[in-house]
Amino acid sequence: MSDSSSTTPTAPVARTSRPMSEALLNEKWDRCLSSMLIRSGLGLSFGIVFSVLLFKRRAWPAYVGLGFGAGRAWEECDSSFKHAATPSKDGLRVLRP
């Protein structure tokens, strides 16, 4: 009968995790896509409400609202990718001459 408590420990298995930069990039893309979906949906819903209430059920206010929401999300996403190289100044005091 073998003793199960006397087994030799095995070497830990090395994890194959993603590099930190790839994880940050994936988080930014996830944030951009969710922002695009939410803002486009809100713009579309406001467009539908205005279409029903003010514009005699025309379709163009819904499309305009959808475009405004998607454009706003696009600009936020673009600025988050462009300003990735500059260090963040959140919480830091900026001295101006």
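Visitor: Which are the buried residues of α1?

Guide: The buried residues of α1 are Cys-32, Ser-35, Ser-40, Gly-43, Gly-47 and Ser-51. Buried means under 20% relative accessible area, exposed over 50%, and partly exposed in between, with a 1.4 Å probe and protein chains only. This is a predicted model, in which local features need pLDDT of at least 70 and side-chain atom pairs count only at pLDDT 80 or more, while totals for chains, interfaces and linings use all residues. Residues are numbered from 1 along each chain as its sequence is written, and side-chain values use heavy atoms, with hydrogens and water left out.

Visitor: What do those buried residues pack against?

Guide: They pack against α2. The buried residues of α2, in turn, pack against α1, residues 20-53. In α2 the buried residues are Pro-61, Ala-62, Gly-65, Gly-69, Ala-73 and Cys-77.

Visitor: How many helices and strands does the protein chain have?

Guide: The chain has two helices and zero strands. Helices (H or I, at least four residues) and strands (E, at least two) are DSSP runs, numbered from the N terminus.

Visitor: What span should α1 have, and how far apart are its end C-alpha atoms?

Guide: At 1.5 Å a residue, the 34 residues of α1 should span 50 Å, and the end C-alpha atoms are 49 Å apart, which agrees. The expected span is 1.5 Å times one less than the number of residues in the helix.

Visitor: And what about α2?

Guide: Helix α2 covers residues 60-82, and its 23 residues should span 33 Å. Its end C-alpha atoms are 32 Å apart, in agreement with that value.

Visitor: Turning to Ser-51, why does it count as buried?

Guide: Ser-51 counts as buried because its relative accessibility is 6%. This residue lies in helix α1.

Visitor: Which residues does Ser-51 touch?

Guide: Leaving aside residues up to four places away in sequence, Ser-51 touches Lys-56, Arg-57, Arg-58 and Pro-61. Contact means heavy atoms within 4.5 Å. The side chain of Ser-51 also reaches the backbone oxygen of Arg-58 at 2.4 Å.

Visitor: How far apart are Ser-51 and Ala-62?

Guide: They are eleven residues apart in sequence and 6.8 Å apart in space, C-alpha to C-alpha.

Visitor: What does Ser-35 touch?

Guide: Ser-35, which is placed in helix α1, touches Ala-73 and Glu-76, not counting residues up to four places away in sequence. Its relative accessibility is 15%, so Ser-35 counts as buried.

Visitor: What percentage of the whole protein chain counts as buried?

Guide: Of its 97 residues, 12% count as buried.

Definitions and conventions: Polar contact = N/O pair within 3.5 Å; in protein donor to acceptor, adjacent residues only side chain to side chain.
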